[in-house]
Amino acid sequence: MKAIYKSLLAAVVATPMLTGCIEETFPTSGIVESQLESNPRATEALVWAMPGHLNQVETISDQHWDIGYPGLMHIRDLFTADLHHSQLGANYNHFWYWSENSLGLGAGYLYPQFPWNWCYEQINICNKVISAIAPDTDNAELRMQLAAGHAYRAFTYLDFGRMYEALPTDGYDLAPEVVGLTLVIVDENTTSEQLSNNPRVTHEVLVDFIKSDLDKAIALSEGAAAVPSKTIPGLDVAYGLYARLLLWDATYQEEIKQDANAAANLYAEAKRYAELAIATHGDNITTREEWLSTTNGFNDASVASWMFCGQYVTEDTGAQAPNVSWTGWMASEKSYGYASTRLQCFPEIGAAVYNRIDNRDFRKLTFVAPEGTALSGQEPYLDAALAAEYFTAPYIGFKFRPGSGNTNDGKVGCAVAYPLMRVEEMHFIAMECEAHADPAVGKASLEKFMKTYRNSSYSTRVTSKEDVIEEIIFQKRVEFWGEGLSYFDIKRLDYPVTRAYDGTNFAWGTETMNTTRRPAWMNFVITNQEVNNNIGIPSDLNTPTPANCYLVLER
């Protein structure tokens, strides 16, 4: 099956789905959709192409930031103050275009093509799955496959809709008609003519489209076969995506539409779907032992808390070439890849975030403690001698371990899973929704979760609605450090990003920008490749470039 999905992946990605991509595609390999209809074995191969594309290398470039969805997760984290790369390996940081808010983020450059093209290649694959299966099928295997196609498409549109949504910032003034615009919708029925005149849709239109996909995924789950892998979204993931969607919509209604009643109802519904996700999946929280495992820490799909994940298989380029893999960029305790003892481009947690974590919280142990502090020497390293020699700066993160704890063989160490949804997120969504309705209830839920699962001595003195929500989000940022999720909450809740402060480990003069609200760089810009070939997106309805919006502070 692995070989089948790899070959089929190349074929479905080759089919152009956006006018700006036509000249960039390869010749098709002759997939005939009639050959797929009502054929569970053939559509099974097509379904496997959806998780296969997560790991697609060289979407638009041979540069080593073009590593598929893991690269996009990483970019989102680099847009916050939670993660950056160690200055020990600064010469090898291929992702500096994003961490430094460079000119390259403008519409006329190569870098914005990466997220846009990857997104619509993935949507193209989802559309192929949906087109190949009759919507009224009563075949259990086909129902599971069709549900997965709708859920994967919802996952993709939800992530990228939030990334491309134009929201007010302190970097520039958005025209009123641009606020709330997201991306373009391409579904299984979109024609070539429609592609050339396909406007950006509003927040509301996209939310309704994603709801339709999730409603279909949930309905199809009745009478469906069980999903074969956590790389294929099941009913629990569909509920989890609904919770994410409604939380996003609630905040939009509250901030942009200023409709408190609509927001309150949506927060209540988001909490309900989060609880459905927990009940369906099972309330299995990542344990201390699983978190701190030196061999399986955050690289193993079998961990019970994981609901949805990506998985590198041995045929993936990212499993063969560490420089273009998740492990190569995120697992520090090894000799291969950029985050390695050889090149030392280690991922680091922001010093301010690290210092705010309670020392009794075991999650703090997966970062190098500053020398002489209480946790120095207590870190559960895979190889203590290696760490002593190469981890010469504090805050280096090693939450993500190389596969099987293998520090020298990239083909073993890079064949890992990486999380896309964990059940803990559903708890944080539920407690935030509670806090919007009653801060005391949300606070109580946070304290119960933290004391039970993360720090038995945890307590917080905050009481106001704003402070309780911020504390919930902070603990959520710690929980999901490196998993590409914090960006969504910071942008959604209009939180500032602060990188220039006494004791910062961000690079002065390049990364040290402070904002007063959500940064302009969190509004992704649509590439000119699309704008120039789609008359539905005039340049004045594109999102402005964020470059030069902020003063880079010197020490």
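This is a predicted model: local features need pLDDT of at least 70, side-chain atom pairs count only at pLDDT 80 or more; totals for chains, interfaces and linings use all residues.
1. Strand β2 covers residues 306-311, and five of its six residues are buried. The strand is therefore largely enclosed by the rest of the structure.

2. The partner of β2 is strand β4, residues 417-422. The two strands run antiparallel and are joined by five bridges.

3. Turning to the helices, α10 spans residues 235-255 and α18 spans residues 423-437. Their axes lie 10 Å apart and meet at an angle of about 30°. Because angles under 35 degrees count as roughly parallel, α10 and α18 are roughly parallel to each other. The crossing of α10 and α18 is left-handed.

4. The contact between these helices can be followed residue by residue. On the α10 side, G240, A243, R244, L247 and E254 take part. On the α18 side, the residues they meet are E425, M426, I429, E432, C433 and H436. By class, the contact of α10 with α18 comprises five nonpolar, two polar and four charged residues.

Technical notes. Residues are numbered from 1 along each chain as its sequence is written. Side-chain values use heavy atoms; hydrogens and water are left out. Buried means under 20% relative accessible area, exposed over 50%, partly exposed in between (1.4 Å probe, protein chains only). Helices (H or I, at least four residues) and strands (E, at least two) are DSSP runs, numbered from the N terminus. Two strands pair if DSSP finds at least two bridges between them. Axes are lines fitted to C-alpha atoms, for helices over the stretch in contact, and angles run from 0 to 180 degrees between N-to-C directions. Angles under 35 degrees count as roughly parallel, over 145 as roughly antiparallel, 65 to 115 as roughly perpendicular and the rest as oblique. A crossing is left-handed if the near helix is turned anticlockwise from the far one by less than a right angle, and right-handed if clockwise. Contact means heavy atoms within 4.5 Å. Ala, Val, Leu, Ile, Met, Phe, Trp, Tyr, Cys and Pro count as nonpolar, Asp, Glu, Lys and Arg as charged, and the others, Gly among them, as polar.
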